[in-house]
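Subject: Structure for your review

Dear colleague,

Please find below the structure that I am handing over to you. My findings follow directly after it.

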Amino acid sequence: AERDELGRLAQRVLDDELKQLERIARDFGEEPRRDEALYRLAFALLDRDSPDVALQHARTLFAVYPASPYVAHAYLAFADHYFKKEDIDQAIKLYEKVIAFSNPEATPRAHYQLGKCRIVKGEHAEALQSFVDAANAGQRLGGQAGAAVRDEALVELVKEYAVAGAPEKALAFFERVGPERNDDLLEKLGAAYFGDGR
């Protein structure tokens, strides 16, 4: 009963936040953080599976604030939405658009998710390159967020290397892309080959 009550309370808070964001987006054209409100509104509506309404607010963000850092994050949110809906071609287009913005916070995740899309399409060499790009972008970002993306990307690129890479070139490859974890990555690759009966 307490959990249900907390769930209802959390839903009321989210509903109130959505109303406030809608009010800022609609009534406060000069609000200095309106771009953030538009992004958060679009994100919340996507989370509630209302992509058409979310797109209306995102279009306002794109048109009125094209230089806002939230533009790349909005495209990323839509790309994630289409990935979850298994519309992989649309997700790929949007992840590539995010990458074109060169936003340091959005780019690592876009590369990582693009790799996931390539796996779904059976494009393993391209997926491998996307995970390399994600690892490098995560390293450039730094901090906890960058390190987390880099670690995830390194794990995935081992799996893709096992499918698309040349075993005799593995040592040089991992020394280049993950020198700080070279031994660990090679061990994981060996386990992947062994698991495949190679």
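In what follows, two residues are in contact when they have heavy atoms within 4.5 Å of each other. Please also note that this is a predicted model.

By that criterion, and leaving aside neighbours within four places in sequence, Leu61 is in contact with Asp35, Leu38, Tyr39, Pro66, Ser68, Tyr70, Val71 and Ala74.

Overall architecture

The protein chain contains 10 helices and zero strands. Its C-alpha trace spans about 60 × 45 × 30 Å along the principal axes. Of the 198 residues, 41% are buried. The chain exposes about 11400 Å², and carbon and sulfur atoms supply 52% of that area. Among contacts between residues at least 6 apart in sequence, 50% join residues at least 24 apart. As for charge, there are 27 positive and 35 negative charges, and their mean positions are 2 Å apart.

Nonpolar cores

The largest nonpolar core has 32 residues, of which Leu61, Phe62 and Tyr95 touch the most other members. Two or more residues each are given to this core by α2 (34–47), α3 (51–64), α4, α5 and α6. Helix α4 provides the largest share, eight residues. A second, separate core comprises 20 residues, including Leu128, Ala134, Phe173 and Tyr193.

Helix α6

Helix α6 covers residues 107–120, which makes 14 residues. From its first C-alpha to its last it reaches 20 Å, close to the 20 Å expected at 1.5 Å a residue. This helix is mostly covered, with 10 of its 14 residues buried. Among them are Thr107, Pro108, His111, Tyr112, Leu114 and Cys117. The buried residues of α6 pack against α4 (70–84), α5 (88–101), α7 (124–141) and α8 (143–164). Just after α6, Gly122 takes a positive phi of about 75 degrees.

Arg118 is placed in helix α6. Its relative accessibility is 16%, so Arg118 counts as buried, the cut-off being under 20%. Not counting residues up to four places away in sequence, Arg118 touches Ile92, Glu96, Glu123, Glu126, Ala127 and Ser130.

Arg34 lies in helix α2. Because its relative accessibility is 11%, Arg34 also counts as buried. The C-alpha atoms of Arg34 and Gln129 are separated by 37 Å, and these two residues are 95 residues apart along the chain.

Most residues other than glycine have a negative phi.

- Asp49 is found in the loop between α2 and α3, and with a relative accessible area of 44% it is partly exposed.
- Glu86 is found in the loop between α4 and α5, and with a relative accessible area of 69% it is exposed.

You could then turn to α6, whose buried residues pack against α4, α5, α7 and α8.

Yours sincerely

How values were computed
Residues numbered from 1 in each chain as written. Predicted model: local features only at pLDDT ≥ 70, side-chain atom pairs only at ≥ 80, totals over all residues. Heavy atoms only, no water. Helix = DSSP H or I, 4+ residues; strand = E, 2+ residues; numbered from the N terminus. Expected span 1.5 Å × (residues − 1). Buried < 20%, exposed > 50% of the residue type's maximum accessible area, 1.4 Å probe, protein only. Areas by Shrake-Rupley, 256 points an atom, 1.4 Å probe, with all protein chains shown as cover. Lys, Arg positive; Asp, Glu negative; His and termini not counted. Charge placed at Lys NZ, Arg CZ, Asp CG, Glu CD. Core = buried A, V, L, I, M, F, W, Y, C linked by side-chain atoms within 4.5 Å.
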